[in-house]
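Look over the sequence and the structure before reading on.

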Amino acid sequence: MALSVFDGIMISYVVTQKPANEQPFILIGNPGNKRTLGLQEARSSQGLKQSVLVPYQALLQRSLRIGDVLYDTVHQWCDRDCSSSVSPIIRLDAPGEDPEVEREFIAWGAPNFTENDAFCPFEFVSDGVFITAEEARQLPVQQGRILYPAQWFRGYCRFLYFIKKEAENAGFPIVWVNDPADIAVMFDKRSCSQLLTKHGVRMPALPAPAGSIVDYDTLQEAIALSGMNRLFIKLACGSGAAGVMAYQIHPVTGAELAVTTIGFEEREGERVYYNSGILRRYSDKAVIRRIVNWLCLEGAHVERWIEKESLRGKSFDVRQLVVNGEACHAVLRLSSTPITNLHLRNERQMMTEEILSSGLKQQVERTAISALSAFSNSSVAGVDVLVRRGSHETYVVDINPFGDLLYNVDYLGLNTYEWQMQQLQGKD
Amino acid sequence: MEIRLSVGYDEYENGERMTTLIENLAASPDAEKLSILTIGDWGQAYENSPDSFLDTLVQHRDSFPLLRKIFIGDMDSEECEVSWINQTNLSPLLVAFPKLQSLTIKGSTDLSLDPLEHENLQELIIICGGLPQEVIHQITNAKLPELQKLELYLGVDDYGFSGSVEDVLPMLQSGLFPKLKYLGLKDSEIQDEIAIAIADVPILDQLETLDLSYGTLSDTGSEALIASERIKKLQHLNLSYHYMSESMVKRWQDSGMSVDVSDQQVEEDEWRYPFLTE
């Protein structure tokens with residue numbers, strides 16, 4: 001009896017007081033979006049101090065320096081006794097969905113912008129169509145347009161290198177939720193495929209070595225040599241359904257079919273590619289050639305289209321969140337189209353044992369854990385796992401360092417951010 | 001007992017064949033209990049037709065005394081686009097299984113049902129991206145005295161449908177299938193024309209259900225349906241997946257009829273697409 005009262009006191013202590021091992025948490029993100037708000041709310045509910053929110057834009061424009069943020073944060077954290085045991089945690093959140101930030105990354109990726117390219121996947125760095133930093137900053141906002149993806153990615157990699165060096169030079173023992181170097185690799189589907197394959201993680205087979213398909217004609221050569229006539233062609237640094245094409249060519253008739261959200265049109269004499277938000281089907285060879293050439297120019301990852309297992313007449317894959325080496329929240333993404341990660345119209349469902357057999361569920365979890373374990377300095381990622389129809393072999397098709405924005409799904413009663421805050425607090 | 005057989009891409013590459021699966025099934029204790037047989041992917045169906053296993057199924061007809069329902073080609077776009085599924089003349093199945101009650105076919109490339117005659121068949125369903133004129137002619141010349149349900153995906157002209165309502169009209173003759181209760185003329189790019197053509201034909205008097213779903217039905221075709229006394233007498237009308245306006249949907253909902261007007265579509269660049277085409 002006395003013990004249960006004592007337990008109650010302990011719980012209320014944890015909720016109302018700073019946990020003994022709590023460390024300052026710095027969040028680099030775009031203020032006001034669902035991710036940063038969700039994370040701050042989770043910290044409140046877990047009895048943790050609010051994170052220090054550092055806008056990408058301020059860092060990119062250098063109106064704020066991460067070294068100063070660290071210094072201020074640590075000193076405010078221990079204003080009475082600044083011992084050496086403070087090790088701030090830094091989380092880089094998704095940089096997307098903010099047009100100003102997007103343009104600034106494109107500016108950082110410009111040929112006339114001097115930054116270190118150490119995190120750019122070296123052999124792919126010449127991809128794409130490039131504009132100057134000044135042109136990038138003056139780009140008008142165009143709804144849905146896919147802007148200079150290769151240049152954006154190069155700018156993002158430069159930023160990742162810059163932020164890592166600046167933070168480490170500040171002299172505090174930092175803990176990265178995900179190491180910036182790892183984020184650069186996870187973001188590039190070509191590098192990621194190479195790394196995970198090297199670690200023995202099963203990925204879809206490639207019709208040709210990563211990065212070697214540079215246009216429509218080399219794609220056709222790879223198809224002829226490999227015999228793979230059903231492929232996914234993805235922007236190497238795209239996320240979600242953006243820049244993904246399910247491509248197939250009939251081995252006898254040569255007819256082609258491409259299913260994708262990519263649309264294109266002429267705007268003021270310029271050919272503009274955009275995400276239409278809905279799936280389009282192209283069977284015109286000239287049109288398919290044009291889109292494939294553009295994807296390849298901006299850097300494409302091409303992999304075999306593996307037939308996905310289905311549930312209630314819809315095919316699916318699984319977004320499995322992994323935190324600190326443990327599988328937690330998981331969502332089945334069901335679709336009657338080849339592209340399951342398209343948000344529009346596709347159905348989401350929590351992965352439970354009523355949906356997948358416990359054996360298959362565990363296999364998905366193990367697969368996702370093994371993918372993240374290839375990144376020894378990172379602790380959170382959403383891993384997209386595909387279950388092959390018939391054999392039930394599991395494949396990793398994507399690993400997203402920001403893949404934790406999952407709605408209406410809980411794990412042991414906590415949402416994705418609450419669970420992470422609880423798990424990461426003890427990390428060292 | 002219901003059994004589904006399928007050969008995936010890798011299994012096919014590894015030498016697995018549908019004929020072997022059928023032979024194994026015929027030799028198993030399940031064979032004599034089998035009532036529903038679903039053949040999914042038979043391995044790279046964009047290259048191979050059911051000719052690769054049809055003879056085997058026919059040869060083993062006596063192993064499956066209770067077989068009443070067959071589905072040939074139950075696959076989705078993960079395995080093969082519907083318009084790329086190779087079919088063949090499936091009439092030998094009807095000859096081999098005289099007690100068959102239901103036949104479902106997916107895919108229409110090189111599909112034929114010649115001759116289309118059967119004493120006991122109650123259901124014929126063809127799911128495809130475009131129903132060829134030749135198959136429509138075979139249906140309108142069929143001898144299927146017990147047929148109660150006919151469900152046809154008409155599709156688009158790129159994938160085999162001629163695009164003309166003239167081809168569909170012969171299927172609306174009353175005497176064709178005297179026991180017909182369910183008629184589906186669906187997934188059409190000329191769904192409005194079909195709706196107008198069907199709105200007041202006598203065959204409706206014998207039907208319980210009319211299925212005009214999955215097509216490009218707009219207010220134009222819908223006006224003809226909603227004005228028809230014959231349509232009002234149906235037990236159910238399926239118009240799901242459509243391009244009707246909100247106000248037209250409301251009129252149907254207020255009509256007191258059992259009508260499915262779910263899955264409203266939005267025109268894209270002034271273009272309307274049926275549900276299944278590729």
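Helix α11 of chain A covers residues 285-297, 13 residues in total. From its first C-alpha to its last it reaches 18 Å, close to the 18 Å expected at 1.5 Å a residue. The model is predicted.

**Helix α11 of chain A**

- A:Asp284 caps the N-terminal end of α11(A). One of its side-chain oxygens lies 2.9 Å from the backbone nitrogen of A:Ala286.
- Buried residues in α11(A) are A:Val287, A:Ile288, A:Ile291, A:Val292, A:Trp294, A:Leu295 and A:Cys296.
- An α-helix has 3.6 residues a turn, so residues three or four places apart point the same way.
- After α11(A) comes A:Gly299. The phi of A:Gly299 is positive, near 95°.

**Extent of the contact between chain B and chain A**

- Chain B supplies 17 residues to the contact, and chain A supplies 28 residues.
- The two chains bury about 2000 Å² between them. Carbon and sulfur atoms account for 41% of that area.

**Polar and charged pairs across the interface**

- Seven salt bridges are found across the interface of chain B and chain A.
- B:Glu81 and A:Arg281 form a salt bridge. Their closest N and O atoms are 3.4 Å apart.
- Twelve residue pairs are in polar contact between chain B and chain A, with both residues at pLDDT 80 or more.

Notes:
Residues numbered from 1 in each chain as written. Chains lettered and ligands numbered in written order. Predicted model: local features only at pLDDT ≥ 70, side-chain atom pairs only at ≥ 80, totals over all residues. Heavy atoms only, no water. Contact = heavy atoms within 4.5 Å. Buried area = accessible area lost by both parts, 1.4 Å probe. Salt bridge = Lys/Arg side-chain N within 4 Å of Asp/Glu carboxyl O. Polar contact = N/O pair within 3.5 Å; in protein donor to acceptor, adjacent residues only side chain to side chain. Helix = DSSP H or I, 4+ residues; strand = E, 2+ residues; numbered from the N terminus. Expected span 1.5 Å × (residues − 1). Buried < 20%, exposed > 50% of the residue type's maximum accessible area, 1.4 Å probe, protein only.
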